[in-house]
Amino acid sequence: TQYAKKVDDALRPFLLATHFPLILVSTDPLASIYRSVCSLPNLVDETVFISPDRVSLTELSAMARPVLDNYYANQLTEIKALFEERTGQNRVTTDWADTAWAATHGMIGLLLVDFEQSVKGSIDEAGKLSLSEDPDAHDVLDEIVRRALESGAKILAVRANDMVGDTGIAAILRYTVSFEQQ
């Protein structure tokens with residue numbers, strides 16, 4: 001138990017301020033003991049049960065990948081449920097213009113983007129989106145993400161089949177918004 005607490009204390013300064021998932025690679029009984037003393041909120045539920053000193057980094061990475069995939073799949077399921085809940089509260093949008101405006105005004109709490117999506121145009125200082133057919137125009141997705149990040153929004157880049165809706169962008173807002181007023 002003392003050893004597990006020392007490991008937890010050593011990891012805390014590096015991982016407490018991050019949202020990165022922590023995957024436990026250990027054998028029992030140490031895995032169970034570490035879970036009982038771990039104070040980090042990002043420890044995933046699954047454990048890779050193997051002694052990490054007996055495998056290469058490549059093998060360890062391959063073993064951790066399915067755990068990470070399950071973690072992100074569960075996270076997306078939770079986000080989709082939250083999106084459905086917030087839909088009834090007027091706290092979501094999948095519209096590009098509304099999302100640009102919300103990002104500009106610091107209203108986005110969580111932004112999902114299709115990382116293969118590209119929309120050309122510009123966004124003015126007030127958040128008004130203007131689309132463009134010009135292939136040399138800027139990608140407004142990058143600008144929306146930048147503005148959302150500036151206000152502390154969490155951003156998730158996902159595949160098209162993991163998106164909420166079919167526009168390639170989905171925002172969960174911090175509070176109720178009526179976009180007709182903008």
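**Close-up views of a predicted model**

**View 1. Helices H4 and H5 in contact.** Helix H4 crosses helix H5 in a left-handed sense. The model is a predicted one. H4 covers residues 96–104 and H5 covers residues 140–150; their axes lie 8 Å apart and meet at an angle of about 35°. On the H4 side the contact is made by Trp-96, Thr-99, Ala-100, Ala-103 and Thr-104, and on the H5 side by Val-140, Leu-141, Ile-144, Arg-147 and Ala-148. By residue class, this contact comprises 7 nonpolar, 2 polar and 1 charged.

**View 2. Thr-104 in helix H4.** Thr-104 belongs to helix H4 and is one of the H4 residues that make the contact with H5. Neighbours within four places in sequence aside, Thr-104 is in contact with Ile-123, Glu-125, Ala-126, Gly-127 and Arg-147. Pro-21 is 83 residues from Thr-104 along the chain, and the C-alpha atoms of the two are separated by 29 Å.

**View 3. The course of helix H3.** Helix H3 runs over residues 57–87, a stretch of 31 residues. From its first C-alpha to its last, H3 reaches 43 Å, close to the 45 Å expected at 1.5 Å a residue. The helix bends by about 30° at Ala-64, and a proline, Pro-66, follows within four residues. Ala-64 is also one of the buried residues of H3.

**View 4. The buried residues of helix H3.** The buried residues of H3 are Ala-64, Val-67, Leu-68, Gln-75, Leu-76, Ile-79, Phe-83 and Arg-86. They pack against six strands, listed here by residue range: E1 (22–26), E2 (43–49), E3 (92–93), E4 (108–114), E7 (154–158) and E8 (169–173). Two of these buried residues, Gln-75 and Arg-86, are shown in the next two views.

**View 5. Gln-75 in helix H3.** Gln-75 is located in helix H3. Its relative accessible area is 14%, under the 20% limit, and Gln-75 is therefore buried. With neighbours within four places in sequence left aside, Gln-75 is in contact with Lys-154 and Leu-156. Strand E7, against which the buried residues of H3 pack, spans 154–158.

**View 6. Arg-86 in helix H3.** Arg-86 is likewise placed in helix H3. Arg-86 has a relative accessible area of 17%; this value is under 20%, so the residue counts as buried. Beyond its neighbours within four places in sequence, Arg-86 is in contact with Arg-91, Val-92 and Ile-172. The strands packed by the buried residues of H3 include E3 (92–93) and E8 (169–173).

View 7. Asn-90 sits in the loop between H3 and E3. Its phi is near 55°, a positive value in a residue other than glycine. At 46% relative accessibility, Asn-90 counts as partly exposed.

**View 8. Asp-162 in the loop between E7 and E8.** Asp-162 is found in the loop that joins these two strands. With 23% relative accessibility, Asp-162 is classed as partly exposed. Leaving aside neighbours within four places in sequence, Asp-162 is in contact with Leu-76, Lys-80 and Leu-112. Leu-76 is among the buried residues of H3. Between Asp-162 and Ser-151 there are 24 Å in space, C-alpha to C-alpha, and the two are 11 residues apart in sequence.

**View 9. Ser-26 in strand E1.** Ser-26 lies in strand E1. Ser-26 is buried because its relative accessibility, 7%, is under 20%. Not counting residues up to four places away in sequence, Ser-26 touches Ala-31, Thr-47, Val-48, Phe-49 and Ile-50. Pro-52 is 26 residues from Ser-26 in sequence, and the C-alpha atoms of the pair are 6.5 Å apart in space. Strand E1 is among the strands against which the buried residues of H3 pack.

View 10. The peptide bond from Asp-28 to Pro-29 is cis, and its omega is near 10°. Pro-29 is placed in the loop between E1 and helix H2, which covers residues 30–37.

Key:
Residues numbered from 1 in each chain as written. Predicted model: local features only at pLDDT ≥ 70, side-chain atom pairs only at ≥ 80, totals over all residues. Heavy atoms only, no water. Axes fitted to C-alpha atoms, helices over the stretch in contact; angles between N-to-C directions. Left-handed = near helix turned anticlockwise from the far one by under 90°. Contact = heavy atoms within 4.5 Å. Nonpolar A, V, L, I, M, F, W, Y, C, P; charged D, E, K, R; others polar. Expected span 1.5 Å × (residues − 1). Bend = angle between axes of the 7 residues up to and from the residue. Buried < 20%, exposed > 50% of the residue type's maximum accessible area, 1.4 Å probe, protein only.
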